[in-house]
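Thanks for coming. I will go through one model today, starting at a hairpin and moving on to the charged side chains.

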Amino acid sequence: MALSLISPNLRMSHSRWAAHMREGLDRSVGVIGAGHAAGAFVIGLREAGWRGPITVFGNETALPYQRPPLSKRWPAPACDELELRPAPAYSTAGINLRLGSAVTAMDPVARTVSTDDGTCQGFDVLVMATGARPRVLDIPGSTLDGVGALRTLADAVALGAASPPGARLVILGGGTIGLEVAASLRAAGVTVTVVERAHRLLARTASETMAAWLRTRHEAQGVVFHLGRTAVEIEGKDRKVSAVLLDDGTRIACDAVLSCVGVEPDTGLAVQAGLLHHGPIKVDSAARVCPGLYAIGDCTSRPVTGHEGNVRLESVPSALEQGRQVIADLCGSAPPPLEVPWFWSDQYAYKLQTAGLVPQGAALVVRTRPGSDRITVAHLTPSGHLLAVEAVGAPGDFLAARQVMGRAGILDPDLLSDPAIPFRAACVGMVAR
């Protein structure tokens, strides 16, 4: 990220800014985005004693809601089941929700926000929580009826309408969201085919061992995979999708197509404002972009425990943690320690829990029993330091791994490989906090 702006406000040091803010907790805060991160942040800020006006701008008309259930549960939950808080919670807290109000421009110098109704409003603090947007599927036929992505509640409703029980769904992408949807809709009686251009599933987020383990569970439920293949065209009849054509000539008849080819940070406003040219918004450990401007959630790259530089994390836990960091910074309280990154995925009755960022080329230790629905894959350095853990049906291993990584523990591979030995007992060295 390159800041080209030269306003004294932007050059003000963070320490001077913090002192300026601690003159009182009655300054105004504007939040761009009304998703999970924003909803949790504004309630937490008010609970921390912030007295000033808080305004939230959101493109959608729904109250801030949870997005993970959109792919993990089927049929899609009703809107009120997903809401973080009911409407009265925001009005009681004095939080002004401007839903269905798209922000068209922001000025990080003057800290103003312009919306699609022509209004412009200024704030003492701006927080960007714009999230991410699905990558565009750019192949012939991608605009046919029955072709869509999954990011919003409206997307989930459309997918349900296009994929009733007995329908044939093709999912483009074998990542976490694609596999969660495959599990959810297969359980609902939909025929599911997954097309993935990599030669294995979950290439960005899981080890080959874990990906293969999950693949066998999906295949046992009737999901068909085409790995190492790409879709080159979506065919249709009367503007309605009818088939997907692959690069090897395979034609898959279907009633609906779901694009799960990834997401990208929604940073158009930041680019327009001159804060960066492309990519995610780079923030520090307190989620600061520059004095008076913060960013949280999927639109950011952030410092991560045990890693050099900034990393982009697409996860609810990370977004919520960043919100807490902003609250501490604004209120002048002690910053919370950086958490070990963690993620989860629900597929059928299996819950995959991951602690840390799964690396490439680390030594693997697998804990499982033949025929068991429990498996733990630990990633270790040659010296025995734990880099990441993937666990299904082993929440104790997952929780112990988070603690070990947070305290620089060293594991004995021989002890760790025995599933009869508790994960924590394999730790032969722990650095006290």
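Start with Lys237, which stands opposite Lys240 in β14. The strands β13 and β14 form a hairpin with two residues between them, and Asp238 in the turn has a positive phi of about 55°. Over six bridges, β13 pairs with β14, residues 240-246, in the antiparallel sense. Pairing here requires that DSSP finds at least two bridges between the two strands. Helices (H or I, at least four residues) and strands (E, at least two) are DSSP runs, numbered from the N terminus.

Some housekeeping. This is a predicted model, in which local features need pLDDT of at least 70 and side-chain atom pairs count only at pLDDT 80 or more, while totals for chains, interfaces and linings use all residues. Residues are numbered from 1 along each chain as its sequence is written, and side-chain values use heavy atoms, with hydrogens and water left out.

Now the salt bridges, meaning a side-chain nitrogen of Lys or Arg within 4 Å of a carboxyl oxygen of Asp or Glu. How many does the structure hold? There are 22. Glu235 is partly exposed, at a relative accessible area of 21%. The classes are buried under 20% relative accessible area, exposed over 50%, and partly exposed in between, with a 1.4 Å probe and protein chains only.

Next, Glu180 and Lys72 form a salt bridge at 2.5 Å between the closest N and O atoms. Here 108 residues separate Glu180, in helix α8 (residues 176-187), from Lys72, in helix α4 (residues 69-72). Is Glu180 buried or exposed? Glu180 counts as buried, at 1% relative accessibility, and Lys72 is buried too, at 17%.

Glu60 and Arg67 also meet in a salt bridge, 3.0 Å from N to O. Glu60 is partly exposed at 27%, and Arg67 is partly exposed at 24%.

Last, Arg151, in the loop between β9 (147-148) and α7 (153-162). Leaving aside neighbours within four places in sequence, its contacts include Arg67, Leu70 and Val263; contact means heavy atoms within 4.5 Å. The side chains of Arg151 and Asp298 make a polar contact of 3.1 Å. By polar contact I mean a pair of N or O atoms within 3.5 Å; within protein, one must be able to donate a hydrogen and the other to accept it, and residues adjacent in sequence count only if both atoms are side-chain atoms.
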